[in-house]
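The points are numbered and can be read in order.

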Amino acid sequence: MLTETALEERTEAFACEVIRPIAPAMARGAGPHPKHIVSAAGEAGLAGILTPARFGGAGGSHRGFAAFIEAVARECASSAVILDVHLSVGTEPIIVFGDDDQKSRYLPRLASGEWLAGFALTEASGGSDAAALQMRAERDSDGYRLTGAKAFITGAGAADLYLVMARTGGGTRGITAFLVESAWEGVRSGAPLRKMGLHGSWTGELILDSVHVPEANRLGAEGTGFKVALAALDSGRVGISAQAVGIAQGALDAAVARARRDGGRGADIDEMSLADMEAHTVAARIMTRHVAAMVDAGERVTRDAAVAKLYATDTCVEVAQKAVELCAPESGVADHPAAVRLCDAKACQIYEGTNQIQRVVIARDLLK
Ligand code: CAA
């Protein structure tokens, strides 16, 4: 098991030496393949932070995971979302819900960075209403046949293994989770979408055309897939919060660098805005680390993770927008660090549950 100090040192070295040099190319969509990012993390011993050591992982904490995602996102939000989905909603459900056979077959490959993991819940017709998914899983001889299409999947076309939620019956109790390998017959992906930001991360459609999935690849009991997905997202939202904190910090770094260039303290600088940006970023970081510590303590974080995700992702958009204003006119150019952060920030308010969905989750919990 990796100590917290060792994890911090590895994180720092990885973010500065591996991610910083490729960040400009990633921001243009001309960086390395997503699998390269996860394999580089694997070489640094960081592709399985949450995976127990006996399955080849670092056996680390969610606090360490959040600090890692934040540090990567400060340099490059595209790399951060690739690693976040891989480590969190892609791998963690296998750690939590997998049987020993599934853990031994998949965790070592994911933790070493040999394989990239994806999470396939969303469908075009259902959107935020996850329970409306229509992908079918029909029983066949020794397993199931999955047919349907998933939309807006991070890593579609790049991932080696997808956690796929499909319908084995009606309602939320008629959804089942499956581990689907991309190499299997009938699995294909659409072309990566041209997004407004996060150009280095692939997002697209995942199509399953009568894909045979052996019973041994059903994750959890039949009918428990909705809970698997929502539990994965509770913890996953800590990762997105951490990504948002990293983006906010990267935007603030750009604004402070510009203010220093313009003369620093005492010069004609909008110090009030810089101070507000720092205060909101620090608050988002504290909130995120607090929820990560709750996950480590085994507490249910449905409401707290939604609060952190809502606050941190709203903060990263506001801070990045302010950074663009403070760095004008240079920040009007697409590859300016503040402009990159603003374009990357918006997706954080949308994925792993839109911020409207976070409000639904928070209000429901308050009123139950
Ligand atoms: N954990 C475990 N179980 C949960 C749960 C949770 N957080 N929340 C609800 N459940 C259970 C309930 O207890 C209930 O169980 P029973 O059947 O035993 O009673 C069951 O799930 C159904 O619950 P609800 O009636 O509350 O379900 P709903 O349909 O009303 O869900 C919703 C509403 C929670 C808002 C849900 O639709 C939701 O979370 N939507 C957002 C989906 C989302 O986040 N998508 C992100 C895609 S992944 C992604 O973006 C990754 C990426 O690319 C970066």
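1. In this predicted model, a backbone N or O atom of glycine 353 lies 3.0 Å from an oxygen atom of the ligand. This is a polar contact, that is, a pair of N or O atoms within 3.5 Å. Taken alone, the ligand exposes 1100 Å², of which the protein buries 77% (accessible areas by the Shrake-Rupley method with a 1.4 Å probe).

2. The shell around the ligand has 23 residues, each with a heavy atom within 4 Å of the ligand. The closest are Thr154, Lys227, Arg237, Glu352 and Arg364. Helix α6 (225-261) and helix α10 (355-367) each give two or more residues to this shell, and the largest share, seven residues, comes from α6. Helices here are DSSP runs of H or I with at least four residues, numbered from the N terminus. By class, the shell has ten nonpolar, six polar and seven charged residues; Asp, Glu, Lys and Arg count as charged, Ala, Val, Leu, Ile, Met, Phe, Trp, Tyr, Cys and Pro as nonpolar, and the others, Gly among them, as polar.

3. The second largest pocket has a volume of about 360 Å³. On a 1 Å grid over the protein atoms alone, a pocket is an open set of points where a 1.4 Å probe fits, with protein on both sides within 12 Å along at least five of seven lines; lining residues have an atom within 4 Å of a point. The volume is the space filled by probe spheres set on the points, which are joined across faces, edges and corners.

4. The lining divides into five nonpolar, one polar and ten charged residues.

5. The structure holds 21 salt bridges (a side-chain nitrogen of Lys or Arg within 4 Å of a carboxyl oxygen of Asp or Glu). One joins arginine 20 and glutamate 75, with the closest N and O atoms 3.0 Å apart. Arginine 20 is in α1 and glutamate 75 in α3, so the pair ties together parts 55 residues apart in sequence.

6. On conventions, residues are numbered from 1 along each chain as its sequence is written, and side-chain values use heavy atoms, with hydrogens and water left out. Local features need pLDDT of at least 70 and side-chain atom pairs count only at pLDDT 80 or more, while totals for chains, interfaces and linings use all residues.

Notes. A polar contact is a pair of N or O atoms within 3.5 Å; within protein, one must be able to donate a hydrogen and the other to accept it, and residues adjacent in sequence count only if both atoms are side-chain atoms.
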